[in-house]
Amino acid sequence: LGFAITKSTSYNHPYQLAREFSTLDHTTDGRVAFNVVTSYLESAAANLGVEGRMDHDERYDRADEFMDVVYALWEESWEDDAVVRDRASGRYADPSKVHPIDHEGEYFSVAGPHGCEPSPQRTPVIYQAGSSERGREFAAKHAEGVFVSQPNEDAVADYVADLRERAATHGRDPDSLSF
């Protein structure tokens with residue numbers, strides 16, 4: 001049994017989300033996925049005390065930077081052999097193998113390092129459901145699983161072909177995407 005959890009890049013912070021998903025990945029023994037959304041509903045902003053939602057393209061700009069930060073925390077912060085678990089010396093990790101990420105961007109400033117040792121997957125499976133041009137680009141760049149909501153079989157086939165082509169332009173294996 002796997003768990004795909006939906007979290008918004010518009011109303012969450014990448015450092016906290018990276019910790020939560022690493023913890024969940026440890027707890028589930030590597031069976032967690034992150035469904036990335038950008039929260040387009042005005043009611044979501046209002047219910048979180050935010051005055052107005054971000055416009056469409058800005059939500060995706062923020063989401064791209066958000067993903068850069070979580071990838072750096074999950075993949076670059078701890079070396080594979082950083083955890084030593086040496087009870088005799090009382091040493092849990094080799095600090096020379098745990099690194100800050102020093103991210104300074106438009107939306108986030110995250111020094112790091114990641115507050116959690118690498119989990120079984122390191123990076124959870126990434127889901128996305130991009131339909132707009134920006135959403136499709138985001139899915140092609142990041143998603144491993146893509147939700148499809150098209151009106152008929154021809155539209156589904158066109159959507160899948162488009163996403164696979166876009167994934168290739170991002171240097172990804174187009175056949176690695178699941179729909």
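The lining of the largest pocket has six nonpolar, eight polar and one charged residues. In this count Ala, Val, Leu, Ile, Met, Phe, Trp, Tyr, Cys and Pro are nonpolar, Asp, Glu, Lys and Arg are charged, and the others, Gly among them, are polar.

The model is predicted: local features need pLDDT of at least 70, side-chain atom pairs count only at pLDDT 80 or more, and totals for chains, interfaces and linings use all residues. Residues are numbered from 1 along each chain as its sequence is written, and side-chain values use heavy atoms, with hydrogens and water left out.

**Stop 1: the pocket**

Select Val37, Thr38, Ser39, Tyr40 and Tyr60. Of the 15 lining residues, these lie nearest the centre of the largest pocket. A pocket here is an open set of points on a 1 Å grid over the protein atoms alone, where a 1.4 Å probe fits, with protein on both sides within 12 Å along at least five of seven lines; lining residues have an atom within 4 Å of a point. The space in the largest pocket is about 250 Å³, a volume filled by probe spheres set on the points, which are joined across faces, edges and corners.

Now colour strand S2 (32–37) and helix H3 (56–76). Each supplies at least two residues of the lining. Helices (H or I, at least four residues) and strands (E, at least two) are DSSP runs, numbered from the N terminus.

**Stop 2: an aromatic pair**

The whole structure holds five aromatic pairs. Select one of them, Phe66 and Phe108: edge-to-face, 5.7 Å centre to centre, with 75 degrees between the planes. Phe66 sits in helix H3 and Phe108 in the loop between strand S5 (103–104) and strand S6 (109–110), so the pair ties together parts 42 residues apart in sequence. Rings of Phe, Tyr and Trp (its six-membered ring) pair if their centres lie within 6.5 Å; planes under 30 degrees apart are stacked, over 60 edge-to-face, the rest tilted.

Buried or exposed? Phe66 is buried, at 0% relative accessible area. Phe108 is buried too, at 4%. Buried means under 20%, exposed over 50%, partly exposed in between (1.4 Å probe, protein chains only).

**Stop 3: Thr123**

Go to the loop between S6 and strand S7 (125–128) and pick Thr123. Thr123 is buried, at 14%. Beyond its neighbours within four places in sequence, Thr123 contacts (heavy atoms within 4.5 Å) Tyr71, Trp74 and Glu75.

**Stop 4: Asp86**

Finish in strand S3 (residues 83–86), at Asp86. Asp86 is partly exposed, at 34%.
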